[in-house]
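Please look over the model shown below before reading on; the briefing that follows takes its topics one by one.

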Amino acid sequence: MKQVKYIYGKEFRAYFVSPIAYIVISIFLLVIGWFFFMTFFLNNQADLRNFFALLPITFSFVVPAITMRLFSEELNVGSYEILLTMPVTFWQVVLGKFLASLGFIAAMLIPTLAYPATVTFLGRLDWGPVVGGYIGAILLGAAFSAIGLFASSLTRNQIVAFITGMAICFSLTLVDKMLFFLPQLLLGFLQYLGADFHFRNISRGIIDSRDIVYFLSVTFVGLYGTHLVLQEKR
Amino acid sequence: MIHVEGLTKYYRDLCAVDHINFEVQKGEILGLLGPNGAGKTTTLRMLTGFLRPTSGIIHIKDYTIDENAVEIKKLLGYLPEASPLYHDMLAFDYLEYVANMRELEPGRKLPRIRKLADLCGLNDVMHKPIGELSKGFKQRVGLAHAMMSDPEILVLDEPTLGLDPNQIVEIRDIIKQIGKEKTIILSTHILSEAEATCDRIVIIHRGKIVADSSTETLKQSASGECLINISLKNADFESVEKKLGSIQGILGLVRLDDEEEILRVRLTCRPSTDLRGEIYGKIKRTSWILLEFRQETKTLENIFQELTREN
């Protein structure tokens, strides 16, 4: 378990050493802040529903940008060989990198705590959905990180990793908006696949085990896929 | 210490390593020699557990690579080809990270890093990002990385690649010094290096072992016969053959190429005799003009060329 901690530490620090972290965080805050406050005063309601509604679509392109370098860069430089010849197992490598990405997402969400803080001054804010929303955001971040990590393990090209990850995350976010075009038989199943569908439940403040199971299973599938890809690479 | 049997690796249909067997004793320095693409790196990567063999067995001490990968990785220090390191980390941070990953005790980390920095001459670059270091320094950081946990077995893939002649001598000294207690496997395509550092040499060609013997034996078999090349002007082959062929100890006389009026001849001499004086004496008494007179001892290089010649 120590190795997981050290890999996590190294990767997490690497984000903040390079300019990637600052660029990604700025873009995330700008995009989400702009779209949230554009309609906030028109709605004239002291809640963060619109902020959380934006998260799945924003995370769909921000999270793959965070995870794209985790394996692709190592494969490209060749440091992957050094990493794997140290006394570590595949799972330790995968978990360390996954946690680094998740930690980064948490760090990225911290500045957004300013929104509920300011909104409480404007009116009576219901904190239930806010807490639920942040729990949901972390779960969503975990699921998308696992998918992004999987995409990153597939290729040595970071751009390809980014686009692959983004394509999968966007599909998961948008699938329940496309139900109209899809065959009737699969509707229930496809709706259940949608990340946005589950996230909406949580961000309303309803913590349902089905939604939590969904996010955890997407995370697990992503990480397990990564593990398989790494093993096949040998 | 290390026992390899029937080791084979296919990349799709390409056979990179083909049923090789060898054994490495404790405290031995083994040199893996071969032309580019012979399968040296692939062999080393399989030894370190980075690649999975298509078939074959690798035993290291009491462990096998399939079942005890992590234990084996703990025993091994590995310097990959061209030491691909994390470019945006400082050299010190990197070595600290390696010390952590290798689970050194907290109190031992700093002294160990300092000692390795001294040994590899890294003191001036510890605070620089690895990406900014010259190739030679990167190689040294890689070497420090490999030796971090004071492993029993060191696997070095082309350790002197990209170093200047002074650094090569330094690295060789380091290898020889640690080789007194440790088992070292190194790959190279520089023959003089293998000759200077290794106890035993294994030559690989197209994934197969074509020679496996101690450096001494290999050298002896190499210096079996000596060749003398002569270029003469104003001479014809028949009379040269007559005059020089009569010298005791000359086993053969071959005409090489003719170039206008210059005659080139190669003499094969009996092992460990020096006939140069006598040959010169004979030539002096004729009207031939001596243009070139060169003795060629068969070196490791000839052996290498013979064993690894294409086709």
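Just after helix α1(B), B:G49 takes a positive phi of about 85°, where helices (H or I, at least four residues) and strands (E, at least two) are DSSP runs numbered from the N terminus. This is a predicted model, in which local features need pLDDT of at least 70 and side-chain atom pairs count only at pLDDT 80 or more, whereas totals for chains, interfaces and linings use all residues. Residues are numbered from 1 along each chain as its sequence is written, and chains are lettered from A and ligands numbered from 1 in the order in which they are written.

- Helix α1 of chain B, residues 40-47, is largely enclosed by the rest of the structure, because eight of its eight residues are buried; a residue is buried if 20 or more other C-beta atoms, placed from the backbone, lie within 10 Å of its own, exposed if 12 or fewer, and partly exposed in between.
- B:A117 is found in helix α4 of chain B, residues 106-120, and counts as buried because 20 C-beta neighbours lie inside 10 Å.
- Leaving aside neighbours within four places in sequence, B:A117 is in contact with B:L122, B:N123, B:M126 and B:A144, a contact being two residues whose C-beta atoms, placed from the backbone, lie within 7 Å.
- From B:A117 to B:I20 the separation is 97 residues in sequence and 37 Å in space, C-alpha to C-alpha.

**Where chain B touches chain A**

- The contact takes 19 residues from chain A and 20 residues from chain B.
- On the side of chain B that touches chain A, α2 (69-75) and α3 (91-101) of chain B each supply at least two residues.
- That side of chain B divides into 10 nonpolar, four polar and six charged residues, with Ala, Val, Leu, Ile, Met, Phe, Trp, Tyr, Cys and Pro counted as nonpolar, Asp, Glu, Lys and Arg as charged, and the others, Gly among them, as polar.

**Chain A: overall form**

- Chain A has 11 helices and zero strands.
- Taken along the principal axes, the C-alpha atoms of chain A fill a box of roughly 55 × 45 × 30 Å.
- Of the 234 residues in chain A, 40% are buried.
- Among the contacts in chain A with a separation of 6 or more, 78% are between residues 24 or more positions apart.

**Chain A: helix packing**

- Helix α7 (residues 127-154) of chain A packs against helix α10 (residues 195-203) of chain A at an angle of about 150°, with the axes 7 Å apart; axes are lines fitted to C-alpha atoms, for helices over the stretch in contact, and angles run from 0 to 180 degrees between N-to-C directions.
- That angle makes α7(A) roughly antiparallel to α10(A), as angles under 35 degrees count as roughly parallel, over 145 as roughly antiparallel, 65 to 115 as roughly perpendicular and the rest as oblique.
- The contact of α7(A) with α10(A) includes A:P129, A:I135 and A:L140 of α7(A), and A:F199 and A:I202 of α10(A), and its residues divide into seven nonpolar, four polar and no charged.
- Helix α5 (residues 90-109) of chain A packs with α7(A) at an angle of about 140°, the axes being 9 Å apart, and the two helices are therefore oblique to each other.
- Residues of α5(A) including A:K97, A:F98 and A:L102 meet residues of α7(A) including A:Y134, A:I138 and A:L149, and by class this contact has 11 nonpolar, four polar and one charged residues.
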